[in-house]
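Hi everyone, and thanks for making time for this one. I'd like to walk you through a single chain, so please have the sequence and the picture open.

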Amino acid sequence: MKVAITTSSFAKFSDEPLRLLHEAGIEYVLNPTGRAITEDEAIELLQGCIGVAAGTEPLTRRVMQALPELKVISRCGTGMDSVDRAAAAELGIAVRNTPDAPTQAVAELTLGYALDLMRLVSRMDRELRAGTWKKRMGNLLAGKKVGLIGFGRIGRATGTLFEAFGCEVAFADPFAESDTNAKMEMDALLAWADIISLHCSKPEGGGYILDERRLGLMRPGTWVINAARGGLIDETALHAQLVSGHLAGAALDVFVKEPYEGPLRELPNVILTPHVGSYAVEARVKMETDTIRNLLDALPR
């Protein structure tokens, strides 16, 4: 019995996930590319595999139909946008993910972005390294109104962290309720908040959550954070609002196309990171271990 592990790096900080496979007597093949693989590469790598510990590669109907032995897709992460779940259900392929493991890591990264944006840390660091000694006046995070778009595990954990810093937290999410935080309609939340942070999936049927119209609804001086999914924000419209000064700044960990090579790189009031939301050692080890446990639990007996 053989499985594939397609994440670009796996078991780097602990051999526990691979030990679980050894103990179960299961062979495995690793992603040799060091990056997210394509559909064709997935078809080639997964030949003869009964399961896959999946990264963000496109596991489409075409891929699944080309792999008749595949019975389990276990996503190493929360997002399922790359998996055609309808096709998997039709083909009898079990699908799992690890919704709990990255929660704290993404929440803490989001808080870190907010603190950085408020106090212009990255901007002054870049300037100092370039030879400019300039003291920039920032803002306090305490007292800010934080609007969370999406109030699932990560959104709730993020809200708790912001509240500990004295922020008022409200959210927009058609599927969530709360006894402690105000639920608002999307447009109302955008007009209310000082900081908008995304913690949702892509909308069904595509399209941006924050398009040109909605970015324009935000209060002058709003900060925007996205550590959720690429494609939630119209990056061209965001760039225009930042250049115009309507928005104070933005922090993005995810992009429509990755690696990101667009014009947001040139703006001094933007923080960009290369899709590292779950990249905390403790979170990564738990996520990888949970991925293998999920895979083993779902394999046919």
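In which helix does Asn 294 lie? Asn 294 lies in helix H11. Keep in mind from the start that what you are looking at is a predicted model.

Let's stay with Asn 294 for a moment. Along the chain, Asn 294 and Ser 74 are 220 residues apart, yet their C-alpha atoms are separated by 6.4 Å. If we set aside residues up to four places away in sequence, Asn 294 touches Ser 74, Arg 96, Asn 97 and Thr 98.

Now the overall picture. The chain has 11 helices and 12 strands. Its radius of gyration is 21 Å, close to the 19 Å that the globule rule gives for 301 residues, so the chain is as compact as a globular protein of that length. The C-alpha trace spans about 60 × 45 × 35 Å along its principal axes. Of the 301 residues, 51% are buried. Take the contacts between residues at least 6 apart in sequence: 59% of those join residues at least 24 apart.

For the surface, the accessible area comes to about 14,600 Å², and carbon and sulfur atoms account for 52% of that. On charge, there are 33 positive and 39 negative side chains, with the centres of the two sets 4 Å apart.

Next, the aromatic residues. How many aromatic pairs does the count come to? It comes to 2 aromatic pairs. One of them is Phe 151 with Phe 171, a stacked pair at 4.1 Å centre to centre, with 10 degrees between the planes. Phe 151 sits in the loop between strand E6 (145–149) and helix H7 (153–164), while Phe 171 is in strand E7 (residues 168–172), so this pair ties together parts that are 20 residues apart in sequence.

Phe 255 and Tyr 260 are both buried.

While you have that part of the chain on screen, look at the peptide bond from Glu 258 to Pro 259. That bond is cis, with omega near 0 degrees. Pro 259 is in the loop between strand E11 (247–252) and strand E12 (270–272).

Which residues of H1 are buried? They are Glu 16, Pro 17, Leu 18, Leu 20 and Leu 21. The cover over the buried residues of H1 includes strand E1 (2–5), strand E2 (27–30) and helix H11 (281–298). That last one is the helix where we found Asn 294. After H1 comes Gly 25, with a positive phi near 70 degrees.

Two other residues have a positive phi without being glycine. Ala 11 has a phi of about 60 degrees, and Ala 11 lies in the loop between E1 and H1. At 16% relative accessibility, Ala 11 counts as buried, because the cut-off is under 20%. His 275 also has a positive phi of about 60 degrees, and its place is the loop between E12 and H11. At 35% relative accessibility, His 275 counts as partly exposed.

My last stop is around helix H4. Where is Asp 84? Asp 84 is in the loop between strand E4 (72–75) and helix H4 (85–91). With a relative accessible area of 26%, Asp 84 is partly exposed. Leaving out residues up to four places away in sequence, Asp 84 touches Leu 59, Thr 60, Arg 61 and Met 64. For Asp 84 and Met 64, which are 20 residues apart along the chain, the C-alpha separation is 9.0 Å.

Arg 85 is in helix H4 itself. Arg 85 and Leu 189 are 104 residues apart in sequence, and from C-alpha to C-alpha they are 31 Å apart in space.

Definitions and conventions:
Residues are numbered from 1 along each chain as its sequence is written. This is a predicted model: local features need pLDDT of at least 70, side-chain atom pairs count only at pLDDT 80 or more; totals for chains, interfaces and linings use all residues. Side-chain values use heavy atoms; hydrogens and water are left out. Helices (H or I, at least four residues) and strands (E, at least two) are DSSP runs, numbered from the N terminus. The radius of gyration is taken over C-alpha atoms; the globule rule is 2.2 Å times the number of residues to the power 0.38. Buried means under 20% relative accessible area, exposed over 50%, partly exposed in between (1.4 Å probe, protein chains only). Contact means heavy atoms within 4.5 Å. Accessible areas come from the Shrake-Rupley method with a 1.4 Å probe; for residues, only the protein chains shown count as cover. Lys and Arg count as positive and Asp and Glu as negative; His and the chain ends are not counted. The place of a charge is taken as NZ of Lys, CZ of Arg, CG of Asp or CD of Glu. Rings of Phe, Tyr and Trp (its six-membered ring) pair if their centres lie within 6.5 Å; planes under 30 degrees apart count as stacked, over 60 as edge-to-face and the rest as tilted.
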